[in-house]
Structure formats: structure tokens, C-alpha cells
Amino acid sequence: MGNDAFDGMRVVELAQWVFVPVAGALLADWGADVIRVERPDGDPYRALITQGIGAGSDGVNLSVALANRGKRSVALDLRSDEGRRLLDRLLETADVFLTNFRPAVLRRYGLDSEELTRRFPRLVYARGHGFGARGPGADRPGYDSSAFWAQGGMAHVLTPPDRDHPISQRGALGDRNGGMALAFGIATALLRRERTGQGSVVDVSLLATAMWTLSSDVLAALAGGQPRAASGRGGAVNPLVGAYRTSDGRHIQLVFLQGDRYWADFCRLIERDDLIADPRFADLKARGENLEACVAELEAEFATRTLDEWKDLLDRIDAPWAPVQAVEELLTDPQVLANDYIGEVELEDGRSYSLPNVPVQFDERPAEMRRAPEHGEHTETVMLELGYTWEQIAELKDAGAIP
């Protein structure tokens with residue numbers, strides 16, 4: 001089963017917010033024992049629920065749950081010598097150290113990559129950055145709205161040129177994409193360690209994640225061109241590639257990249273055989289030269305049917321297309337339901353809540369998601385596993401190393 005792919009692997013996660021914790025959650029989905037180290041007052045991401053961010057209908061902080069499902073939480077004060085020594089005890093048992101603390105902070109605590117890889121040669125040291133491990137911005141704080149969306153070019157290419165301000169990104173868009181890349185890097189490093197016995201330092205930045213996402217535009221820039229401006233209208237280059245408005249104000253996205261392959265069949269499907277015979281639209285080259293006229297014909301056709309009518313009609317052609325859906329429509333999308341893309345988390349008290357599932361499946365089965373931990377919920381349990389006695393735990397509480 002895929003759920004136990006990382007069984008026996010321990011990940012010590014010293015991270016906050018979304019980007020790097022998401023990587024830890026993905027590893028936990030596949031069986032890793034992810035011990036999340038939080039400061040005594042907790043990850044500040046938990047507090048965003050007071051702004052209505054992540055609040056579920058049943059009082060569950062869904063944003064925190066999504067980023068931290070399946071983990072255990074230990075609360076430590078790393079500013080104290082006792083807390084720092086306790087973290088060392090944890091690291092002695094770790095296969096992976098996962099962090100998004102900035103380089104200067106890590107050096108201050110003796111947790112920089114040079115120090116930990118020297119002490120633990122088999123350790124996979126994985127870190128997420130805003131702007132990369134080197135260069136003048138290495139120590140800058142980086143969130144996805146700044147490093148991924150703004151500096152990474154996403155806002156620029158996705159904002160229509162007639163707008164005075166760039167469009168805003170959706171919540172944690174770069175964080176969750178970066179988290180997937182970081183989890184992939186960790187899995188690769190663990191495979192390498194299996195073969196060589198040596199750990200690795202794994203780096204992923206939000207800036208690099210944006211550039212990878214925009215690879216087509218980056219390639220255009222490398223070739224001396226400019227990215228094509230964002231346009232909501234169908235047929236910007238090929239009239240059979242784009243979004244068309246239906247009679248009820250919805251849209252259908254056509255992606256008939258091989259225009260000559262699909263043109264005649266599509267025209268017959270919509271009962272417009274005259275378009276096949278029209279010399280202006282005879283082939284891809286002709287349709288490109290008469291783009292406006294061709295798009296106008298298709299726009300007029302799409303305006304004669306509702307979204308549901310178009311869905312029924314297009315189901316008869318073996319070609320790539322899709323309705324432009326609202327997020328809430330995904331919740332009842334037959335493909336989403338059939339493939340278990342929304343998972344259910346069961347709580348001990350009988351309640352449950354739903355979360356988007358990890359997009360990776362093993363053997364056609366989704367991950368079995370477990371709930372996220374409460375702040376510091378497993379502090380004492382983990383300390384007992386490390387060999388501490390109840391008397392020592394009480395002493396550490398008195399010293400303020402643990403809450």
C-alpha cells in the first residue's frame with residue numbers, strides 16, 4: 001500500500017505557515033512520523049483563524065488542518081538551553097530535518113546545514129526559501145504573495161494589460177506548489193541515501209517554483225521575446241484554443257491544439273458544414289490569417305446554446321475541452337468524486353471534515369488523511385519515547401523549555 005511508503009522514516013519539522021509544513025503533511029500522508037516543533041505560543045498561522053482565514057463550519061481550523069494533517073506536535077522554547085538540547089535529542093532520531101527558518105536564525109541556533117550534516121551525515125536536510133539559498137535575498141523573509149506571485153512573474157503575466165493594478169493571487173497558491181516540489185526533493189534524497197548511505201541538502205524556493213510554473217513564458221523570454229498578454233477571449237492564436245461564452249453566461253474551454261485534425265468534425269458537430277467549405281478557414285494557416293472572422297463565427301455559435309447543451313454536444317467528439325467551473329462546482333464534479341480527490345478526516349468525537357487530498361495516488365488509492373495535532377499535543381509522548389522520565393519532564397516544564 002502507498003500509505004506506508006515512508007513507514008519508519010522520522011521527519012523533524014521546524015517550520016511555520018504553509019509552504020514547508022505542506023511538504024511535511026505530504027510525507028505524513030504516506031506514512032512518515034512527522035514531528036512538528038512549534039514555539040511555546042504556537043505557529044502564527046494558527047492565529048489567522050481570528051481573521052476568518054481557515055475557519056470551518058464546525059470550529060475546525062481547516063487551513064492548519066490541511067497543512068499539518070497526520071503530524072505530531074511538540075512545543076519547545078529553542079531560546080532555552082534545555083529546549084535546544086531536547087531538539088538535539090530529536091534530531092538524533094531523525095531521517096529528515098525540514099525547515100523554513102531563515103539562514104541567520106538557523107546559524108544562531110546551530111541548526112545550519114553545515115553543522116547538522118557534519119553531525120548527522122545520513123540526515124536529509126531540507127529547507128524551503130523565499131528567494132533561494134544564495135544571493136543578496138537569501139535572508140529576506142519570503143511569502144508566496146511576494147516571492148512566488150510578485151517577484152516570480154506570476155502577477156505580471158496573469159494581469160490583463162488594461163488593469164491599473166496586478167490581480168491578487170489565491171491563498172497559498174505558491175506555497176502548496178512549492179510544498180509538492182520540496183516533498184519530491186526529499187523523496188529523491190531518501191532514495192539517494194538508500195543507495196549511497198549519504199544524506200543531502202535539499203533546497204526549494206518560491207521564486208524558483210514560480211519560474212518553473214511559468215516555464216513557457218521563461219522560454220519565450222530566453223528566446224528574446226515577450227510573454228503573450230493574458231486574454232480571456234477565445235482564439236488568441238488558434239480559434240479552436242480558447243474560452244467561448246455560452247448563452248447562459250458560462251464558458252467552455254476548447255483546447256483543440258491540432259486544429260486541422262478537429263476542424264471538420266467540429267463544424268459537422270455544430271451543423272456548420274459551410275465553415276468547412278469556406279476558403280478563409282480551410283486550414284490552420286488560413287484560420288490564423290482570418291482569426292478575427294473565425295473567432296466571430298465561433299462566438300456566435302457558442303452564444304446559441306447553454307453550458308449544459310454544449311456539454312452534451314461536445315461529449316460526442318473525441319477532443320480536449322472542459323467547462324470553466326467555479327470552485328464550488330468541483331465539490332460535486334463526477335470526476336472529483338470518482339477519484340476521491342476530496343478526503344474525509346474522522347475525529348475521535350465522531351465529527352469529521354473534508355479536505356482536498358494529495359494529488360498523488362498509489363495503486364489507485366488516495367492517501368488516508370489523519371487529523372492535524374493540537375499545539376504541543378504530543379510533547380510529553382515524544383519526550384517519553386526519547387527516554388525522558390516524568391520527573392525530567394516536570395523539570396523542563398518548570399524551566400520553561402516546554403509549556
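Me: Where does Phe362 sit?
Reply: Phe362 is in the loop between β11 (352-356) and α18 (379-385). Keep in mind that this is a predicted model.

Me: Why is Phe362 called partly exposed?
Reply: Its relative accessible area is 33%. Buried means under 20% and exposed means over 50%, so a residue at 33% lands in between and Phe362 counts as partly exposed.

Me: What makes Phe362 part of a nonpolar patch?
Reply: Patch members need over 30% relative accessible area and no salt bridge, and nonpolar side chains are joined within 5 Å. Phe362, at 33%, is over that area cut-off. The patch on the surface is formed by Met180, Val360 and Phe362, with about 210 Å² of accessible area together.

Me: On to charges. Why do Arg107 and Asp139 count as a salt bridge?
Reply: Their closest N and O atoms are 3.9 Å apart, and the cut-off is within 4 Å, so the pair qualifies. Arg107 lies in helix α4 (residues 103-108) and Asp139 in the loop between β5 (124-129) and α6 (144-150), so the bridge ties together parts that are 32 residues apart in sequence. Asp139 is partly exposed, at 31% relative accessible area.

Me: How do you know that Asp203 and Arg127 are bridged?
Reply: Here the closest N and O atoms are 2.3 Å apart, which is within the 4 Å limit. This pair links distant parts of the chain, with Asp203 in strand β6 (residues 201-205) and Arg127 in strand β5, 76 residues apart.

Me: How many salt bridges does a search of the whole structure find?
Reply: 31.

Me: How do you know that the buried residues of α11 line one face of the helix?
Reply: The buried residues of α11 (residues 259-269) are Gly259, Tyr262, Trp263, Phe266, Cys267 and Leu269. Seen down the helix axis, they fall within an arc of 145 degrees, so they line one face. Their cover includes β8, α12 (273-277), α13 (284-289), α14 (291-302) and α15 (307-314). Just after α11, Glu271 takes a positive phi of about 60 degrees.

Me: Why are β10 and β11 said to pair?
Reply: Pairing needs at least two bridges between the strands, and these have 5, so they pair, in the antiparallel sense.

Me: Which residues make up the covered face of β10?
Reply: Gly343 and Val345, while Ile342, Glu344 and Glu346 are on the uncovered face. In a regular strand the side chains alternate between the two faces of the sheet.

Definitions and conventions:
Residues are numbered from 1 along each chain as its sequence is written. This is a predicted model: local features need pLDDT of at least 70, side-chain atom pairs count only at pLDDT 80 or more; totals for chains, interfaces and linings use all residues. Side-chain values use heavy atoms; hydrogens and water are left out. Patches are made of residues with over 30% relative accessible area and no salt bridge: like charges are joined within 9 Å, nonpolar side chains (Val, Leu, Ile, Met, Phe, Trp, Tyr) within 5 Å. Accessible areas come from the Shrake-Rupley method with a 1.4 Å probe; for residues, only the protein chains shown count as cover. A salt bridge is a side-chain nitrogen of Lys or Arg within 4 Å of a carboxyl oxygen of Asp or Glu. Helices (H or I, at least four residues) and strands (E, at least two) are DSSP runs, numbered from the N terminus. Buried means under 20% relative accessible area, exposed over 50%, partly exposed in between (1.4 Å probe, protein chains only). The arc is that of the directions from the helix axis to the C-beta atoms. Contact means heavy atoms within 4.5 Å.
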